[in-house]
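Here's a quick briefing to read alongside the structure. Keep the 3D view open and look up each residue as you go.

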Amino acid sequence: MERDYQPSVIESKVQAAWDAEGVFSRSEDPAKPKFYCLCMFPYPSGKLHMGHVRNYTIGDVISRYLTMNGYNVLQPMGWDAFGMPAENAAIKNQVPPAAWTYDNIAHMRGQLKQLGFGYDWNRELATCTPDYYRWEQWLFTRMLERGLAYRKKARVNWDPVDQTVLANEQVIDGRGWRSGALVEQREIEQWFIRITDYADQLLDDLDTVDWPEQVKTMQRNWIGRSQGVEFSFARPGHTERLEVYTTRPDTIMGITYVAIAPTHPIATKAAESRPELAAFIADCTRIKVAEADLAQAPKLGMATGESVIHPLTGEELPIWIANFVLMEYGSGAVMAVPAHDQRDWEFATQYGLPIRAVIAPQGEDPTYDIGQAAWTEKTGMTIASGEFDGLPFAAAFDAVAARLEALGIGRVTTNYRLRDWGIGRQRYWGCPIPVIYTDEGIKPVGDHALPVVLPEDVVVDGQGSPLVRRHDFVQTIDPETQRPAQRETDTFDTFMESSWYYARFASAFSQDAMLDRHANYWLPVDLYIGGIEHAILHLLYARFFHKVLRDLGLLTSDEPFKKLLTQGMVLKDGSKMSKSKGNTVDPQALIDLYGADTVRLFTMFAAPPEQSLEWSDEGVAGAHRFLKRVYSLVADAVNQRYTDVPFTVADLSPEARDLYRKLHETIAKVSDDIGRRYHFNTAIAAVMELVNQLQRFTPESAMDQAVYRQAIDRVVVLLSPITPHLSTHLWQALGQSTPLHAIAWPTVDTAALTRDVYMLVVQVNGKLRARIEVAAEATDVEILKQARAEQQVRKFLEGMTEVKTILVPQKLVNLVVKPA
RNA sequence: GCGAGCGUGGUGGAACUGGUAGACACACAGGACUUAAAAUCCUGAGGCAGAAAUGCCGUGCGGGUUCGACUCCCGCCGCUCGUACCA
């Protein structure tokens, strides 16, 4: 065989063979367990970046490994094709978003094929095609029927110059990114879906999935279920009452004021007669809508002049407008207890409002100093609370709740931080929302009229959505009355498309239904792999859709993703790759230079999946060097025509036996690292160790040659999930007739792993002092005797008495001593 | 601000369940081969002291638990992700 490793020749040849044989097409197979391995599909932004390469290599390695372990593995791929970048590109280059998107898809599909990922391309989908989004429109129509979709007002960032709604990322330092105009908050009527109806299930079912604990914790906190009390204050001079929600009714006697959101009806009403209030409220709308900005803005407030009556003391308390109170959470009003809530404390201190301590710690607590900070622990006891004095948290909670309930003004409730999902976007490049506005109100277009097709021949100029100006799109007829009607011009949030694509892949060929019975064969996804940045929103929305689809009878499972693997970022020089920082690395250039196998190998070797990966061009060169070494190792073995005689372990020379043991230790390590741990970097390191040992080994006898030859064969197989092209090529060169992708994963010869003697570490007081070689059958007493006899150990035992001995089998001995 | 992570040699990382810190690489230095270079191969290396044997120190910082802590607990510092219209 040729002496030189030529990746470009090998890779295109191997890929052509896979294509011709349809190696990765999948259908149901009752003889094998199914495994659905899914990577988060990409946004077709133009070309693949390193994050994609990393993500998809991880999925491909696992898929190939499991296929060799007897699973019927499905690995599909598609395109998250709607979204803002297409509109931005359209503005910049005067290309319609559709054309730009389809070009990008064609290019990126080619790149994925070049990287050798084993996808079932028959199932490919792009979310911007009517074939796909018609079923999303169909599902939305079902949601409308069931009352899961509704309209309400919501705040958006408004650019007064471009006359358009801006995404949070398009608002930079309070100004529109293109116009530079000061952005203001506006309230507009929007479409919402009731994800909060599923809040309890979304929370409780987290216990049933095999996800990283950190992601489950983030979702639990995001949903934020809390037990609290909802009650109302009477207002002097008004008949309507003011509703608040609190998780700390035990502090009710410490209320010194009430804070309401700037958009609360009481604030709006008060501002009518007081211009300074109106000005303050207007000021509050200068901050962009993002929670991070709202929470970090300086806390500002203004007294409304209105008041409430404390329900238990009858005291009159002022109502303040505070810019940090959110209308979306609870009722948009909070009872303020500055002594026991840090935000209330800061606000009260800033505006000279009274602070009244009503909880005291049990015992000494140096952090308890209400003059310096709020004391927010729930471990204290009520004080200065009249009849509620001397109660711990739970008892005080119950007593106060019972009293408010008895008064007929309050009740214990469950509250969620999770809000309903706003799914309407005032943008063009998205799925049309299938409703019409008629003189009888809003109606769905009806299933027979689906899909509502998005016109693709448009001009995008950044001044609002071009859909609004397309009269041929907007003007329609109400099929019920035959009178003119207007189509909805809002489109769906692109999270809608990514919330069910995983299910459509499993039912990709269904023409007359969103999902058919095949979906339930493949689902749930056995392993879902993608960026940690999707830990909350995308994963929560997809879980929600899955439950809705189940309740509609389309699916039988409760959760979409059984197991989740979240990968870290790809960094260069310590920070995220980005065009603005000029630290991007183009995978294409590396594929052209070294081949796909090298890029795959380095990406898997540089870090385990869940950690961030620091890119290194030198590291890639090193990975390539390793593959060249493997290539020439195999080429030598082939050219030497080593014998393949049968052998028994007992008859091997000591060196050959060492090599044979190392081989089987490596098989065990690689299988565990790929199959269980998903730590490919240590799997590769283990193969490198084996290759190093092989290079040091010169086979002499026929049996030496046979062991050596067997080890070479296994190296090729062990690397094959990671470097499938090179492995396929070498496998053929080694004269193997069964195709590599069809063979079974190597098994471990456990007999080869046993050792007659092993190393034991000897410590004195936890410090390493010696290593001893111990016979496998040695008793504890013998081991301790041998340890104490060691020169380096005796040195530290002199003048000491042994207090304790610790013996960890196969690992270490620790002699604990103290001066005699 | 809030929620969740991460922090180990010059660099990426290893140490999986509390049991040998630095596997495997990268970069570097020295050597072999070469007219020379590249490529390839061999050797070396956490820091300090020492000729060496060896000793002491060492996993962001400060404390704690333990026979033993990179690993567990508490408090800080720094970085990363998310924060509901980026995907």
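**A buried threonine to start**

Thr598 has its place in helix H18, which covers residues 596-605. Bear in mind that this is a predicted model.

- Is Thr598 buried or exposed? Thr598 counts as buried because its relative accessibility is 0%.
- Leaving out residues up to four places away in sequence, Thr598 touches Val620, Ala623, His624 and Leu627.

**Another threonine**

- Thr666 sits in helix H20, residues 654-677.
- With a relative accessibility of 2%, Thr666 counts as buried too, because buried means under 20%.
- A polar atom of the Thr666 side chain lies 2.7 Å from the backbone oxygen of Lys662.
- If you skip neighbours within four places in sequence, Thr666 is in contact with Ala686, Val687, Leu690 and Leu718.

**Rings meeting rings**

- How many aromatic pairs does the structure hold? There are 38 of them.
- Take Tyr56 and Phe117: they form an edge-to-face pair, with 6.3 Å from centre to centre and 80° between the planes.
- Tyr56 belongs to helix H2 (residues 50-68), while Phe117 is in the loop between helix H4 (97-114) and helix H5 (130-145), so this pair ties together parts that are 61 residues apart in sequence.
- Both Tyr56 and Phe117 are buried.
- Tyr521 and Trp522 also make an edge-to-face pair, at 4.7 Å centre to centre and with 80° between the planes.
- Within that pair, Tyr521 counts as partly exposed at 21% relative accessibility, whereas Trp522 is buried, with a relative accessible area of 1%.
- Rings can link up into a cluster as well: ring pairs join Tyr198, Trp421, Phe495, Tyr541, Phe544 and Phe545.

**Charges over rings**

- Look at Lys152, whose charged end sits over the ring of Phe192, 4.7 Å from the ring's centre.
- Arg487 lies over the face of Phe473, at 5.7 Å from the ring centre.

**The nonpolar cores**

- In soluble globular proteins, nonpolar side chains tend to be buried together.
- Here, the largest nonpolar core has 179 residues, and Tyr36 and Trp615 are the ones with the most contacts inside it.
- What does Trp615 touch, not counting residues up to four places away in sequence? Its list includes Met50, Val570, Leu571, Phe602 and Val620.
- There's a second, separate core of 37 residues, and among its members are Val244, Ile255, Ala267 and Ile321.

**Where the RNA comes in**

- RNA strand B has 71 residues around it, and those that come nearest are Glu291, Arg427, Lys669, Arg676 and Asn814.
- Of the atoms of RNA strand B that come within 4 Å of the protein, sugar and phosphate account for 63%.
- Which helix gives the most to the surface near RNA strand B? That's helix H21 (residues 680-696), with six residues.
- Lys669 has a polar side-chain atom 2.4 Å from a base nitrogen of RNA strand B.
- Asn692 has an N or O atom in its side chain that is 2.8 Å from a phosphate oxygen of RNA strand B.
- For Asn168, a backbone N or O atom lies 2.8 Å from a sugar or linking oxygen of RNA strand B.

Note on methods. Residues numbered from 1 in each chain as written. Chains lettered and ligands numbered in written order. Predicted model: local features only at pLDDT ≥ 70, side-chain atom pairs only at ≥ 80, totals over all residues. Heavy atoms only, no water. Helix = DSSP H or I, 4+ residues; strand = E, 2+ residues; numbered from the N terminus. Buried < 20%, exposed > 50% of the residue type's maximum accessible area, 1.4 Å probe, protein only. Polar contact = N/O pair within 3.5 Å; in protein donor to acceptor, adjacent residues only side chain to side chain. Contact = heavy atoms within 4.5 Å. Phe/Tyr/Trp six-rings, centres within 6.5 Å; stacked < 30°, edge-to-face > 60°. Lys NZ or Arg CZ within 6 Å of the ring centre and 35° of its normal. Core = buried A, V, L, I, M, F, W, Y, C linked by side-chain atoms within 4.5 Å. Near = heavy atom within 4 Å.
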